[in-house]
Amino acid sequence: LFAGSAVALSVSPLVVQHAGSRVLFLAIAAMAGLWVCMWHVWSERVRGGPGGTEGMSSAPGSIPWKGLMFKKAGAACTVGNCAFSYVSIFMMNYLPSFCEKKLGTSLAGMGPIAPLAPFLAMFFCTIGGGWLASSLIQRWNPNARGVETSTVGAVKKARQAVNGAGFLLAAVGSVAMALSSDLATGLVSMCLTLGALGLSRGGWAVSHIDVAGRDGLAG
């Protein structure tokens, strides 16, 4: 996801500059259509392959939506998703204006590497956040053989630690963006903000799997 965003933000200004915005929209539409086709083919293979959904009941029990809305775990997933999505999507949309009005340069003028940096930071920190959360769970519950056999307290504590650290660093990065006045500090603050958001995914983004357990992974 974030690697794709990094490539898109790096390539899109060059496409618009040399071929026009119409070509960019057509290319994005073509890639979206390709994704739909690939998803259809691969999802059919997964359903029919080992561990797929064949043989499972097609009429699951009713889902207690009202009860889930008032559960602390469900609320935590919702709030975390909203906070992450608001800042990350705002950053993606605001990045061109931030570079031009705050830093005095355009994305195309930054070269092919600089626009990639914040989203590459997000990509690698997302992986790092998952690794860190799993490491903390194992450290605080050394007798467990994975997340599914860990105590609720160890999982909760690890998710909260990673999620809290990520959101706190993202807030610091956002303030640093507002105070930045040159390309170097602006780029570092963008990397800090998006990298920290990626780190936070090791907390809130997998909480629904912790809550659902094996049923969540199978569904």
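Analyst: Let's start with A114, which is buried at a relative accessible area of 14%. Buried means under 20% relative accessible area, exposed means over 50%, and partly exposed is in between, using a 1.4 Å probe and protein chains only. You'll find A114 in the loop between α4 (72–102) and α5. Helices are DSSP runs of H or I with at least four residues, strands are E runs of at least two, and both are numbered from the N terminus. Now compare sequence with space: A114 and A184 sit 70 residues apart along the chain, yet 9.8 Å separates their C-alpha atoms.

Before we go on, two notes on how to read all this. This is a predicted model, where local features need pLDDT of at least 70 and side-chain atom pairs count only at pLDDT 80 or more, while totals for chains, interfaces and linings use all residues. Residues are numbered from 1 along each chain as its sequence is written, and side-chain values use heavy atoms, with hydrogens and water left out.

The axes here are lines fitted to C-alpha atoms, for helices over the stretch in contact, and angles run from 0 to 180 degrees between N-to-C directions. Under 35 degrees counts as roughly parallel, over 145 as roughly antiparallel, 65 to 115 as roughly perpendicular, and the rest as oblique. The crossing of α5 and α7 is right-handed; a crossing gets that label if the near helix is turned clockwise from the far one by less than a right angle, and is left-handed if anticlockwise.

Who touches whom? On the α5 side, the residues include A117, P118, F119 and C125, and on the α7 side they include L187, M190, C191 and L199. A contact here means heavy atoms within 4.5 Å. Sorted by class, this contact has 13 nonpolar, four polar and no charged residues. Ala, Val, Leu, Ile, Met, Phe, Trp, Tyr, Cys and Pro count as nonpolar, Asp, Glu, Lys and Arg as charged, and the others, Gly among them, as polar.

Let's zoom in on some α5 residues. L120 is part of helix α5 and is partly exposed at 33% relative accessibility. From L120 to C191 is 71 residues in sequence but 8.3 Å in space, C-alpha to C-alpha. F124, also in α5, counts as exposed at 54%. F124 and G198 are 74 residues apart in sequence, with 7.7 Å between their C-alpha atoms.

What about the cysteines? A disulfide is a pair of cysteine sulfur atoms within 2.5 Å, and searching the whole structure turns up zero of them. C125 is in no disulfide, since the nearest cysteine sulfur, on C191, is 9.2 Å away. C125 itself is partly exposed, with a relative accessible area of 29%.

α7 has another partner: helix α6 (residues 152–179) packs with α7 (residues 183–200) at an angle of about 160°, and the axes are 7 Å apart. So α6 and α7 are roughly antiparallel to each other. Their crossing is left-handed. Among the residues that make this contact are V162, F167, G173 and M177 of α6, and S189, L192, A196 and S200 of α7. This contact splits into twelve nonpolar, seven polar and no charged residues.

S189 is in helix α7 and is buried, at 3% relative accessibility. Leaving out residues up to four places away in sequence, S189 touches G173, A176, M177 and S180.

Now step back to the chain as a whole. It has nine helices and zero strands. Of its 219 residues, 29% are buried. Among contacts with a separation of 6 or more, 71% are between residues 24 or more positions apart.
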